[in-house]
Amino acid sequence: MKINAVLPCAGRGERAGLGYNKTLALLGEKPVALASAECFASLPEVTRIVVVVGAGEEEEFKKAFSPLGDRVVFVIGGDTRTASVYAGICACEEDADIIAIHDGARPFLSEALLRRTIDVGASHGSAIPVIPVTDSLREVHGEFSHAVDRSCFFAVQTPQVFDAYKLRTAYISAMKDGFTFSDDAQVFERYMGNVTLCPGDSSNVKLTHPSDFSPHGFSVGCGFDTHRLVEGRKLILGGVDIPHTKGLLGHSDADVLVHAIMDALLSAVHARDIGVLFPDTDARYAGISSMKLLQEVKGVLDKKGAQILNISAVIMAQKPKLKDYIPLMCANIARTLNIPEESVSISATTTEGIGLVGREEGISCHAVAGVRKE
Ligand code: MG
């Protein structure tokens with residue numbers, strides 16, 4: 001069996017609001033269109049992948065698809081999706097048995113779904129993957145609307161797989177009639193009769209809206225700090241004054257927990273660290289409460305449009321026992337950052353007497369922060 005794939009990538013994708021072809025946007029380090037095609041390239045039966053591109057975009061697409069070699073050919077699309085797919089079908093091999101059409105902005109296609117659609121398409125002449133609609137539905141006519149029973153509605157995905165001869169025939173008729181359709185199932189159905197449905201995959205999403213393309217949607221930062229334990233200093237952790245025979249030495253109040261958390265937050269938004277922001281050569285920061293510095297770090301994140309999702313920290317201290325103070329530390333940090341207390345998790349551990357922490361020479365802290373950028 002010889003399979004050809006057609007990837008329409010010529011659409012302007014205006015809903016994505018990127019100002020350029022959304023299928024060229026990077027998903028990690030890979031263009032979306034390349035990620036959408038890779039699953040096809042992994043099957044030896046797929047002997048040609050036709051990428052339908054906009055006029056003037058050929059060079060960019062050729063560069064993007066260079067990892068897939070010479071199985072990939074490029075054609076210029078038309079004014080409508082139907083015209084673009086027709087151009088793609090015309091560039092398929094004449095002796096292809098099956099043509100699979102897949103959105104250029106559906107990069108999470110699994111091999112299981114691709115195999116399923118090919119099997120069903122080969123035995124039934126067509127295979128259209130669908131998934132149940134999970135949101136409630138309403139039918140809206142101007143200011144009037146009513147609920148719709150969603151149980152008989154399904155969302156249509158790609159790849160849509162067809163007998164090559166039947167698909168070609170249907171498309172030739174559609175072009176002759178001047179009709180346009182929003183997907184290939186509709187073209188096939190109009191001229192060849194019923195299509196065969198098969199189960200789709202909820203992770204096989206089409207990237208459509210700006211938030212789908214946000215390259216820095218989520219990010220994580222980590223921070224670490226150690227301060228020396230000395231006599232004659234207060235022990236401040238998470239803004240809590242903890243009774244102990246020793247305290248932490250530092251330019252500020254030496255709150256090692258808050259220092260690690262601040263570095264994690266700054267790291268998550270690529271904004272260096274507290275050593276750069278609050279240098280210990282600056283007299284303004286002498287003896288300052290680290291909670292005040294935390295407030296300033298929050299300001300840095302606000303300016304970058306970053307929302308704090310969670311903070312997780314572990315304090316390493318041989319003594320004193322900290323468990324009774326942890327809820328208060330969480331509350332202080334959450335209040336200062338204006339986030340829910342459940343978003344701050346702090347644990348404490350000894351190091352079983354080993355190392356500088358075990359010898360009670362100092363206290364260390366690791367912290368991780370998750371943020372979302374708008
Ligand atoms: Mg420090």
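I315 has A348, in strand 18, as its bridge partner. The model is predicted, so local features need pLDDT of at least 70 and side-chain atom pairs count only at pLDDT 80 or more, while totals for chains, interfaces and linings use all residues. Residues are numbered from 1 along each chain as its sequence is written, and side-chain values use heavy atoms, with hydrogens and water left out.

**The sheet**
- Strand 17 (residues 306-316) and strand 18 run parallel and are joined by 6 bridges; strands here are DSSP runs of E with at least two residues, and helices are runs of H or I with at least four, numbered from the N terminus.
- Both belong to an open sheet of 5 strands in the order 16-13-19-17-18, with mixed pairing; two strands pair if DSSP finds at least two bridges between them.
- Strand 16 (246-248) and strand 18 (344-349) are at the edges with a single partner strand each, so one side of each has no neighbour in the sheet.
- On average, neighbouring strands of this sheet are turned by 20° against each other, direction ignored.

**The helix across the sheet**
- Helix 8 lies across strands 13, 16, 17, 18 and 19 (362-373), and runs at about 155° to strand 13.
- Axes are lines fitted to C-alpha atoms, for helices over the stretch in contact, with angles from 0 to 180 degrees between N-to-C directions; contact means heavy atoms within 4.5 Å.

**The metal site**
- D225 (OD), H227 (NE2) and H259 (ND1) coordinate the magnesium ion at 2.0 to 2.3 Å.
- Donors are N, O and S atoms within 2.8 Å of the metal (3.2 Å for Na, K and Ca); water is not among the atoms, so sites may look incomplete.
- The donors are spaced D-x1-H-x31-H along the chain.
- D225 in strand 13 (residues 218-231) and H259 in helix 8 (residues 256-268) are 34 residues apart, a pair that links distant parts of the chain.
- D225 and H259 are both buried, meaning under 20% relative accessible area, with exposed over 50% and partly exposed in between (1.4 Å probe, protein chains only).
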